Amino acid sequence: MSEAKLTILGCGSAKPTKTTSPSGQWLDLCDKSFLIDCGEGVLLTMQKLGLRTGRLYNIFISHLHGDHCFGLIGLLTTLAMLKRTQPMHIYAHRDLEKLLTPLLNYHCGDRLYDIVFHPINPRKHEVIYEDRTVSVETVPLKHSVPTCGFLFKETRRKMAEDGSFYYLTRKRYAYCSDTMYSEKIVPIIEGVETLYHESTFLQEMEVRSKEVMHSTAAQAAKIASLAKAGKLILGHYSARVEDHSLFLQEAQPVFGNTVLAEENDVIEL
């Protein structure tokens, strides 16, 4: 079985700090690489870590708040400068194509590669990507703009005795970005081996979290517990909380196998 690992490119919320950049993750699964969200600064972190953009063909954007997509134009224009010829596929809310196209035409209209936009409905749970070994499903979330998470599944095709084929799911990774507490996602992610769930605030900030439709660390842990996840990764930390260990202290009593996402971390799945 191929190595499955997650590289944290950004783990902060909207306001960058000295130690955190906006959201971005690089997922290696089944000898393929996937980029999940692309906040400002993600490209710089990718370069520092030596991640190979030549292996990247698919980008998944959870929603169109700037801290999850402002890094895209820099990434895409850099790929044009590097004379990329292979297409790039972007899965996101339909408005992203409308927003990015004028910038792409202005800055790299002569690029040698195609950018293929795949509009998704963040409010609907459905398969949006599928190949022989990986599938990706949307996970509708509850935020101030249309937002979804993504459920990545490693699958293997097997042949039954009668000659028919069936699929075995081996590994699953659920990415649940900006969302307020919602148990509606539990049936979709139930039993997932690794769950990333945003934890913007501490429980003492719960009133604020509801106002801006985010979650606390304790709420993220409760979702992990209800979903019977194997491991919980916290992230999307508010700039108001400098000591990230406070998130862990709040979550672990609710769900023991909780870890913090910190930039440049590589987490085995």
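## Two packed helices

The axis of a helix is a line fitted to its C-alpha atoms over the stretch in contact, and the angle between two axes is taken between their N-to-C directions, from 0 to 180 degrees. In this predicted model, helix α3 (residues 72-81) packs against α4 at an angle of about 40°, and their axes lie 10 Å apart. Angles under 35 degrees count as roughly parallel and those from 65 to 115 as roughly perpendicular; α3 is therefore oblique to α4. The crossing of α3 past α4 is right-handed.

On the side of α3, the contact is formed by Leu72, Ile73, Leu76, Thr77 and Ala80. On the side of α4, Leu96, Leu100, Leu103, Leu104, His107 and Cys108 take part. Sorted by class, the residues in the contact of α3 with α4 are nine nonpolar, two polar and no charged.

Setting aside neighbours within four places in sequence, Leu112 touches Lys83, Arg84 and Thr85. Pro140 is 28 residues from Leu112 in sequence, and the two C-alpha atoms are 35 Å apart in space.

In soluble globular proteins, nonpolar side chains tend to be buried together. The largest nonpolar core of this model has 56 residues, of which Phe150, Phe152, Ile189 and Leu195 touch the most other members. Helix α7 (residues 217-226) contributes the most to this core, with five residues.

Another core, of 26 residues, lies apart from the largest one. Its members include Val42, Leu75, Tyr113 and Phe117.

Definitions and conventions: Residues are numbered from 1 along each chain as its sequence is written. This is a predicted model: local features need pLDDT of at least 70, side-chain atom pairs count only at pLDDT 80 or more; totals for chains, interfaces and linings use all residues. Side-chain values use heavy atoms; hydrogens and water are left out. Contact means heavy atoms within 4.5 Å. Helices (H or I, at least four residues) and strands (E, at least two) are DSSP runs, numbered from the N terminus. Angles under 35 degrees count as roughly parallel, over 145 as roughly antiparallel, 65 to 115 as roughly perpendicular and the rest as oblique. A crossing is left-handed if the near helix is turned anticlockwise from the far one by less than a right angle, and right-handed if clockwise. Ala, Val, Leu, Ile, Met, Phe, Trp, Tyr, Cys and Pro count as nonpolar, Asp, Glu, Lys and Arg as charged, and the others, Gly among them, as polar. A nonpolar core is a set of buried Ala, Val, Leu, Ile, Met, Phe, Trp, Tyr and Cys residues joined through side-chain atoms within 4.5 Å. Buried means under 20% relative accessible area, exposed over 50%, partly exposed in between (1.4 Å probe, protein chains only).
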